[in-house]
Amino acid sequence: MYRTHTPTGLDAAHHHLLHTGARLARFIRALPPALTEGRERDAAGALLQYLRAAVLDLMSPGEVAALVRAQGARLRAELRAVERGAPPALALDAAAEDARPLCVTLVSAHDDDLAILGDANVYHVLMRLQELSARFVCAGDVVERFDLRAQLAAAAARHPGRPIELLNLCAHGSGGRVHDLHLTGDDLAPLAPGAAVVLDSCSVAGSARNQAEALSRQRPDVRVFAAEEVMSLSDLIFAPPEEGRAPRLARVVYGLWDEGALLRALPALLRDFGDLVNIENIMRGQLPDLERDLEPLGARLEALLAGPPEALDAVGWGGALGGADMVCYVGGARQE
């Protein structure tokens, strides 16, 4: 697992994930009102939305379900708008359009804690499409269940002549399975030779026999990436481009997610920002104070993340953030 340490004591995955956060903060700030209306307007607000639903239990199951339904319908429409022609709102890169292969992103509509269809992940999906558009034509959908062969074939039919080089699935996962994914044995048939699959799901590769391994056995030429642990946002890292070759996915880094560790580390994490918040009230879960006090924290956090790397070096992040590489499977075998 990738754990190279820097002279500051933070490992390289920490720095990488912090800069993923910086990109996300800048991305949200630059979005037009059409894409932020009705959504949290910054990264701190998106985190607070998740804390309300999943950690502090301050949203009822009915409220979460209603938000998920609305988010799913809205994201589905936005993904299809991107696919139809790169709306100016996302400023997608259409360089070398005729030569770009296809990337298909499928997001599960089933969510119970806003980890998939909460504002943070929705923004992350849109940011990823913007970044991938320099290399791929991006197709996507929000689906009730994964029927991969049919969904991939439908995307290919909408874009004849473009090979599908990358498939990204976003869903809850546990015990070696991606929820709502039922394998048939020919799920990856529409993918191009040498394509890559990324499973943005918790705890798939951590099981001895898992769906990442099974998918890679279906197509020994396809690389399948999956996380071993409970995860947050992931980042795709591509190898330098080769003349006349499709973009090659080299690594997938993901954030380790441990709610208990995050809450235990929160006082030290917040003190790193200069006592900008009332830590005692936050730890007691008093939401009015949390909402008020996160406002200056959010501004400080975004300024820090968007600044030079040296600014991050002075911050002792403790155990609140971490990172690791996804495991890659080829032909049913784990690649070390």
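In which loop is the place of Asp180? Asp180 is placed in the loop between strand E5 (177-178) and E6, where helices (H or I, at least four residues) and strands (E, at least two) are DSSP runs numbered from the N terminus. The phi angle of Asp180 is near 75 degrees, a positive value in a residue other than glycine. Asp180 counts as buried because its relative accessibility is 18%; buried means under 20% relative accessible area, exposed over 50%, and partly exposed in between (1.4 Å probe, protein chains only).

The structure is a predicted model, in which local features need pLDDT of at least 70 and side-chain atom pairs count only at pLDDT 80 or more, while totals for chains, interfaces and linings use all residues. Residues are numbered from 1 along each chain as its sequence is written, and side-chain values use heavy atoms, with hydrogens and water left out.

The mean pLDDT of the chain (pLDDT being the predictor's confidence in each residue, from 0 to 100) is 81, and 72% of the residues reach 70 or more. Over residues 1-10 the pLDDT is below 50, and this stretch has 25 contacts in the model beyond near neighbours in sequence, a contact meaning heavy atoms within 4.5 Å. Where pLDDT is low, the predicted coordinates should not be read in detail. Among the elements of the chain, the highest mean pLDDT, 98, belongs to strand E7 (residues 223-226), and the lowest, 50, to helix H9 (residues 279-283).

The chain contains 11 helices and 12 strands. Of its 336 residues, 51% are buried. Among contacts with a separation of 6 or more, 78% join residues 24 or more positions apart. The accessible surface, from the Shrake-Rupley method with a 1.4 Å probe, comes to about 14,700 Å², with carbon and sulfur atoms contributing 55%.

An open sheet of mixed pairing is formed by 7 strands in the order E2-E1-E3-E6-E7-E11-E12; two strands pair if DSSP finds at least two bridges between them. E2 and strand E12 (333-335) are the edge strands, each pairing on one side only. From one strand to the next, the twist averages 20 degrees. Strand E3 (residues 164-170) pairs with E1 in the parallel sense over 6 bridges, and Ile164 in E3 is the bridge partner of Leu102.

H4 packs on this sheet, touching E1 and E2, and its direction makes about 160 degrees with that of E2; axes are lines fitted to C-alpha atoms, for helices over the stretch in contact, and angles run from 0 to 180 degrees between N-to-C directions. Helix H4 (residues 61-85) has 25 residues and spans 36 Å from its first C-alpha to its last, close to the 36 Å expected at 1.5 Å a residue, the expected span being 1.5 Å times one less than the number of residues. Its buried residues include Val64, Val68, Leu75, Leu79 and Val82, as well as Glu78 and Glu83. The cover over the buried residues of H4 includes helix H3 (43-55), helix H5 (119-132) and strand E1 (102-108).

Pro193 lies in strand E6 (residues 191-200) and counts as exposed because its relative accessibility is 68%. Not counting residues up to four places away in sequence, Pro193 touches Glu165, Arg219 and Asp221.

Ser203 lies in the loop between E6 and helix H7 (211-218). Its phi is near 55 degrees, a positive value in a residue other than glycine. Ser203 is buried, with a relative accessible area of 18%.
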